Amino acid sequence: MNNEVKIITYDPQYKEAFKTLNEEWIKTFFTMEAGDYKLLDNPEEHIINKGGHIVFALLNDEPVGTCALVKMEDEPLRFELSKMAVSPKAQGKKIGYLVGQALVDKAKALNAESIFLETNSILVPAIKLYEKLGFKHMPISGSAYERCDTQMLLKFN
């Protein structure tokens with residue numbers, strides 16, 4: 001058995017996995033909201049076709065993690081890090097970090113100005129992970145999600 005985690009870019013064959021992985025964790029802690037369904041049901045339409053990116057972590061060729069970079073603005077180029085999810089059976093393998101880092105690198109390569117993210121303060125491991133990726137806490141302003149009580153920003157110089 002190959003325990004190597006592979007990070008790949010979006011492929012339509014994993015569209016269902018994008019939704020399943022996210023639904024799994026969201027329903028564990030929160031309830032699914034309209035914004036979730038919009039992105040999870042139509043990732044190509046709402047993320048990929050709008051200049052965003054999605055990556056998957058494959059373990060033994062099975063998608064066990066995912067994360068999206070949603071384009072917010074062109075000038076300056078700004079993204080939102082969104083829909084990070086890791087299957088419970090694959091936790092502890094640094095998958096969240098790997099998919100997050102892949103997208104941070106992608107945003108950097110595209111000369112993005114910044115990446116923004118929204119999360120909830122009860123998700124301590126996630127927040128620690130974002131801090132490790134270089135995100136800084138910021139004052140909270142309007143969110144599309146009820147569960148959001150924490151916003152973070154990673155600025156590139």
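1. In this predicted model, Tyr130 is in contact with Leu81, Met84, Leu117, Thr119, Phe135 and Met152, once its neighbours within four places in sequence are set aside. Tyr130 also belongs to the largest nonpolar core, which comprises 48 residues. Together with Phe56, Leu81, Ile115 and Phe135, Tyr130 is among the residues that touch the most other members of this core. Strand β2 supplies the largest share of the core, namely six residues.

2. The sheet is open and consists of seven strands, arranged in the order β1-β2-β3-β4-β5-β7-β6 with mixed pairing. Strands β1 (5–9) and β6 (136–138) each have a single partner strand and stand at the edges, so one side of each lacks a neighbour in the sheet. From one strand to the next, the twist averages 30 degrees.

3. Seven aromatic pairs are counted in the model. One of them, Tyr14 with Phe56, is tilted, with a centre-to-centre distance of 5.4 Å and 50 degrees between the planes. This pair links distant parts of the chain, since Tyr14 lies in the loop between β1 and α1 while Phe56 lies in strand β2, 42 residues apart. Tyr14 counts as buried because its relative accessibility is 12%, under the 20% limit. Phe56 is likewise buried, at a relative accessible area of 0%.

4. Phe56 also pairs with Phe18: the ring centres are 6.4 Å apart and the planes stand at 80 degrees, so this pair is edge-to-face. Here too distant parts of the chain are linked, with Phe18 in helix α1 and Phe56 in strand β2, 38 residues apart. Both Phe18 and Phe56 are buried. Ring pairs join Tyr10, Tyr14, Phe18 and Phe56 into a cluster.

5. As to annotation, an unreviewed UniProt entry places the feature "domain: N-acetyltransferase" at residues 16–157. Over residues 16–157 the chain is 35% helix and 30% strand. The end C-alpha atoms of this stretch are 36 Å apart.

Notes:
Residues numbered from 1 in each chain as written. Predicted model: local features only at pLDDT ≥ 70, side-chain atom pairs only at ≥ 80, totals over all residues. Heavy atoms only, no water. Pairing = 2+ DSSP bridges. Helix = DSSP H or I, 4+ residues; strand = E, 2+ residues; numbered from the N terminus. Axes fitted to C-alpha atoms, helices over the stretch in contact; angles between N-to-C directions. UniProt positions renumbered as here; feature names shortened; annotations may be inferred. Core = buried A, V, L, I, M, F, W, Y, C linked by side-chain atoms within 4.5 Å. Buried < 20%, exposed > 50% of the residue type's maximum accessible area, 1.4 Å probe, protein only. Contact = heavy atoms within 4.5 Å. Phe/Tyr/Trp six-rings, centres within 6.5 Å; stacked < 30°, edge-to-face > 60°.
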